[in-house]
Every structure is written in C-alpha cells, then in structure tokens.
Amino acid sequence: MLSVNNLNVFYGGIHALKGVNIDVQEGQIVSIIGSNGAGKSTLINAISGIVKYKDGEIIYKNEKLPKQAHKIVKAGICQVPEGRVIFANLTVMENLNMGAFLRTDKDGIEKDLERIFRLFPILKEREKQIAGTLSGGEQQMLAMGRGLMSNPNLILLDEPSLGLAPLLINTIFDIIIEIKNMGKTILLVEQNAFKALSIADKAYVLEQGVVAMEGLASDLIKDERIQEAYLGKKKSESM
Amino acid sequence: MSWGYLSGILILTGINLMTVLGLSLLTGFTGLFSFGHAGFMAIGAYTAAMFTLKLNILPESMSQVQFILALIAGGLVSMLISLIIGKLTLNLKGDYFCIATLGFGEAIRLILDNVQYFGGARGLSSIPTQGTTTLTNVVIINIIAVAVLVLIIRSRHGRNMVAIREEELAAQTIGIDVFKYKLISFAISAFYAGVAGGLMAHYFGYIQPIMFKMVKSTEMTIIVIFGGLGSVSGSVIGTILLTFLPEILRSFSNWRLVLYGAAVIIIMITRPQGLMGGKEFSIKGIMKFFKKARPKEEVES
C-alpha cells in the first residue's frame, strides 16, 4: 500500500535519514522503533509532507505521493502528530469537525463521528469542553479522533504514548488495535518498543537514520539484540 | 481645536487604519509578525504618486477616478511584490520571517533613497492634494476596507488563517494548504498597506523615503497588538487612540513621545491581550454586558 524507497532527509548538514526503505501492507500495523534521534519522527513527517526529503520516493497505492501536506491528506494519509497537537481554544466537537476539513459527505462525517465516540466515549462526555482543558490522555485521544475524522486509509501515529500514565497507554494501544479492526492501516512510531512490537504485524528498527533490522513483530520481540537494546533485558538476567 | 486640525488627524487615523487593518489580518488572524509594512506603504505611495504625476491621462473632471485608480495601482503593485517576497520568505518560521520582513522594509527604503528616478532622498513632490485624500474619501475607503476584511475573516478562508495561527502543524495535518493561506494573508495585508501609502502621498502632497522608516512599521504592529490580536474592532479603536494620543500630548512638547511609550507599556502590562483581546465590539456584546451588569445592580439595591 505504501512503500518508501531509498529516502534521504537532511536537516541542513545533518543527514537524518540515510536511504530508508519501508513497506506497509494494507490492513497491517507497522511499528517503527528506535532510540531518540534515530529518525523515527522524521520518517513519519517526510511521509506526511511536513518535512521535505531530498531524494528517494514514496509510492502510495501504486502512485507517487504528492509532496505537499494538504494533498497527502486528500490522498488518504493522515498524521496524528507527536505531542497532542490540537486546537486548544476550540471545543472537542469543533476539533473533531476540523478533522473533516476536506470532506463534503455529510452522512459519512456523521457516521464517522459516531464511530469515534464509540471508540473514545470520554470525548462524547466532553463534547462541549474547551480542548485545552482536557487531560493529556484525553488530548491524545482527541488528536487521534480528529485524525480519523478525515477518513484516512493510512494513519501515521507519532508517539501516541508520549507522557501518558501506564494504564492509559494500555487503553491507547487497545484503541489502536480497534482502529486496525475498522479496516485502517497504521504506521506507528513508538519509544515504547515492547508495546509497539506486541500489537504490530511488522516492525522496523531505526538506528541513526538507517533501518538496522526489520521483520515480523513477533520475531523481533524475541530477538536478543532487540531485547537488550530496547526492552531492557540484560544478558546477565538469563544467567 | 480647529476643524482643519481635527480633520487632519482624522485623515491620518484613516491612513494608519488602512495599514493596521491589513496587518490585523496578517498578525492578528494568521499569526505572522511583520516589521516591514512601511516598505509596502512606500511601494504603494510611490506607485500611486507616479501614476498621478506621469499617467494623468484622464480629463480634469474625472480626477476622482484618476485618484481611485492611483490607489488601486499602489495596492496592486504592493501586492505583487508581497507575492514575490512571500514566496521566498514565508517558509521561514516565526522570528526568522519577522527578521526577513524587517530587512525587506529597510531595503525598499534604501532603494528609493538611491534611485534618482524616484527623486532620491528628496522624494516626489507636487502630488495633487485637492479633492484626493479628503476626509470623506478616507472614511468611505476605510468603511469598504473594514467590510471586506470582516467578510474575509468570516469566510472559509479567514477561518483557515485562524487555524494556522492557532496550531500550524494541526492545520497542516487536517489538510489546510498552510503556505497558500499565509501567502494570501500576506498579499492582502500588502494591498491594504499599498492603498494606505497612496492615501498618504495624496494627503501630504510629497513623499520621501524617510517617511517609511522601520519606526513606521513598528508603530503599525504596535497598534495591532495594542488593539488586541484577532479583533478588527480592537484594531480600529487602537488606531484611533494611538493616532490621537501623540496629538493630545502635544502640549508636553519634548516629553510627548515618552508619555506615548509609557501609555503603551501601561496598557500592555494591565491588558496583555490588548484592548479588545480577540473579541469583537458588537451590539450583541454590549447587550450581553448590560445583562450581566444588571443582576449585580439589583443585588446592590
């Protein structure tokens, strides 16, 4: 569905992504894990058009993806940016409606709104509340809900667990699985490697702008190097 | 205070208001700060003046039409240049854009200062002032300008600009063409500044590059912030107050600019959101205010 071929991104003189190749199949959850500064967010931002890439290509549904952010949203790819970027002065409902910015099918919007409220019942309760006054977890849910309102085929989730309490992280990940069951494809960027691998079908490990490892998530989670580097299991523990 | 003096200040208020309205859209509603709008005023002023002086083809009886055409020409040339400048600089984030506009404003002034065709530092003079920038004309133009601005702000386009101000990244991820709307906002504000420049040229009868120094740009941006970001009525009230204030303080002679500065600082400390603070002045709002005030009176009585 989406394939990223030999993608190179520079921030001035810094070579942030060095020829990255990624392949996302329809209906899957694909996780990208890696440490800070490995280029995870850069990759997602390059796909969604927020960061310009120097060379390489991004193919989406057998066609070259446009480079401007707003055209990419139209093509059916929606990013839920890192750090709960919502319209803080608008109400929850207004934020969700903003998500449907490019849509004109009123019935479809209505239906999606219901689905989102089923997915995030808390948002229904807080419908009229100003979004800036929501808790961190609720804001994350709102950001995800707003992303879904554009009825995307592919959702790019950037660090959905950032700064949330462990219990809430579980809820968020349960919801991500539910979104997958709605027939959406998800590209997930996460620091929380264990969580990210446990729900994913496929995963990539980014290290300093290069794909260091890739494979089925169920294989990677058992891999010794991964366990050591990202899951906090030391070799000595097994002794 | 003679009528002549008062109408003079009112005309100046109207000229300032034109620029401030444009800046209000750019700064108050799109969230971009510009310190170079005196540059656009200069472009508008010189274009309008040249148009009147060199292209005066219409008969005497149609001088009003000639004047309006000159203003529109000033606005359009300003807009055209803003599109070029915007294309180059609007990708810059926050402060960097601000610095770029500052550089642009000064560059325009220095270019005009050195090109002899435009009169160099002496500028252009003997621009006809009879029947051009009159109080009636200024008031009519400003009413149209406010009406158009309100229409823009209430339209889908205006709301897109507000979305960019509120949260640029979110605006981008829901599919708003951020760059396009920044450019539109920048161009409209340049058009307003250009028309203001044209009015100014036809009010004073002469223009010199020194009239469009950075201080002028800063003054305009201060008025927008003083009136309240994101409020058209705030911009109008701010312009009236801050144009009249130096005149009222004239009896303090040398101290007047100090007092002007102090007044601005006091307002900004006590009301950091500006006079109107993102709210609009409306009859509905006044009714609400009195409705809220009434129960209190009852309690007191």
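A crossing of two helices is left-handed if the near helix is turned anticlockwise from the far one by less than a right angle, and right-handed if clockwise. By this definition, the crossing of α1(B) and α10(B) is right-handed. The model is predicted, so local features need pLDDT of at least 70 and side-chain atom pairs count only at pLDDT 80 or more, while totals for chains, interfaces and linings use all residues. Residues are numbered from 1 along each chain as its sequence is written, and chains are lettered from A and ligands numbered from 1 in the order in which they are written.

Chain A contains 11 helices and 10 strands (DSSP runs numbered from the N terminus, helices being H or I of at least four residues and strands E of at least two). Chain A has a radius of gyration of 18 Å, close to the 18 Å given by the globule rule for 239 residues, so it is as compact as a globular protein of that length. The radius is taken over C-alpha atoms, and the rule is 2.2 Å times the number of residues to the power 0.38. Along its principal axes, the C-alpha trace of chain A spans about 55 × 45 × 30 Å.

Four strands of chain A form an open antiparallel sheet in the order β2-β1-β4-β5 (strands pair if DSSP finds at least two bridges between them). Strands β2 (14-24) and β5 (63-64) of chain A stand at the edges with a single partner strand each, so one side of each has no neighbour in the sheet. Within the sheet, β1 (residues 2-11) and β4 (residues 55-60) of chain A pair in the antiparallel sense over 5 bridges, and V4(A) stands opposite I58(A) in β4(A).

In chain B, the axes of helix α1 (residues 3-29) and helix α10 (residues 232-248) come within 9 Å and cross at roughly 140 degrees. Axes are lines fitted to C-alpha atoms, for helices over the stretch in contact, and angles run from 0 to 180 degrees between N-to-C directions. Helix α1(B) is therefore oblique to α10(B) (under 35 degrees is roughly parallel, over 145 roughly antiparallel, 65 to 115 roughly perpendicular and the rest oblique).

Residue I223(B) lies in helix α9 (residues 214-227) of chain B. I223(B) counts as buried because it has 27 C-beta neighbours inside 10 Å (buried means 20 or more other C-beta atoms within 10 Å, exposed 12 or fewer, and partly exposed in between, with C-beta atoms placed from the backbone).
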